[in-house]
Amino acid sequence: MNWRIRTAALAAVGAMLTSAAAAAAPSERFVTFNVMGDDIRTPIPDGLCEVRDRYVALAQMLAAGDEQNLTFMTLYDCAAMDRGESSANYILIKAPRTSLRVRVERPELLEMMGAIPPSELAAVLDGDTIDASANKSLNEVLGLEGEIKSNIQPVDRDTSGYYLAGVLKMQVGEQAHTSVVAVAITSIKGHVLSYNVYNDGDKPADIAAVLNRARTGLSGWIAANPTAP
């Protein structure tokens, strides 16, 4: 084959592969909300969507039940909404009502929050021990008797935020439901905000999963809102 033809053919194949890869790559989705005049851009994780239809009322009910925080955004399981079903897989973005008018940068906020206090849950979530307790409920791991109680504790911190995690028991009428939650507290554009990830479960492995999602989500959130020079 003529070298010019061969080079052109290889270039064409390369262009096709690049085009196919670009087409296959999932497009990033964002939602923007405003806090005290500042637009906060938030990546939407795969599998979650902004609430719609009857789920808007559900989001409003969840927000109304939290008197200490203002809820800016609810991201809910897309497939569950398509089927008209409920799901424990969702994310809430909140701000403490008492901190709305306070501006604090991330390093200062983390310094104010201090170190993570020693706790049984933090020890359980350590990578060296979580495999051994993956199939036990949090009650069993912590040696608690009786039914699962809400138990949310500080478990980690890094340069992005301060993390709490645990189990949350919700009572709706005669039905009780236990889910896991991870809360990542940070500062975006000087505003104290929290990124709250929920899902089904009551085991340390379930808590570790939502904690990892909170870390990943927080990293993308910060990247989407660079600090002005």
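## Aromatic contacts

Rings of Phe, Tyr and Trp (its six-membered ring) pair if their centres lie within 6.5 Å; planes under 30 degrees apart count as stacked, over 60 as edge-to-face and the rest as tilted. Y55, Y76, Y90 and Y198 make up one aromatic cluster. This is a predicted model: local features need pLDDT of at least 70, side-chain atom pairs count only at pLDDT 80 or more, and totals for chains, interfaces and linings use all residues. Residue numbers run from 1 along each chain as its sequence is written, and side-chain values use heavy atoms, without hydrogens and water.

The ring rule gives five aromatic pairs. One of them is F33 with F72: ring centres 5.2 Å apart and planes at 20°, so the pair is stacked. F33 sits in strand 1 (residues 30-35) and F72 in strand 4 (residues 69-77), so the contact ties together parts 39 residues apart in sequence. Strands here are DSSP runs of E, at least two residues; helices are runs of H or I, at least four; both are numbered from the N terminus. F33 is buried at 7% relative accessibility, while F72 is partly exposed at 21%. Buried means under 20% relative accessible area, exposed over 50%, partly exposed in between (1.4 Å probe, protein chains only).

Y76 and Y90 are also a stacked pair, with centres 6.1 Å apart and planes at 20°. Y76 belongs to strand 4 and Y90 to strand 5 (residues 90-96), 14 residues apart. Both Y76 and Y90 are buried.

## The disulfide

There is one disulfide (cysteine sulfur atoms within 2.5 Å) in the structure. C49 is joined to C78, with S to S at 2.0 Å. The link is right-handed, with 105° about the S-S bond. It connects distant parts of the chain: C49 in strand 3 (residues 48-50) and C78 in helix 3 (residues 78-83), 29 residues apart. C49 is buried at 15% relative accessible area, and C78 is buried at 14%.

## Helix 7 and a pocket

Helix 7 (204-223) and strand 9 (191-200) each give at least two residues to the lining of the second largest pocket. Helix 7 supplies the largest share, five residues. The lining divides into seven nonpolar, three polar and two charged residues. Ala, Val, Leu, Ile, Met, Phe, Trp, Tyr, Cys and Pro count as nonpolar, Asp, Glu, Lys and Arg as charged, and the others, Gly among them, as polar. Among the lining residues are Y195, V197, R213 and W221.

The buried residues of helix 7 include L211, A214, L218 and W221.

Terms used. On a 1 Å grid over the protein atoms alone, a cavity is a set of points where a 1.4 Å probe fits but cannot get out, and a pocket is an open set with protein on both sides within 12 Å along at least five of seven lines; lining residues have an atom within 4 Å of a point.
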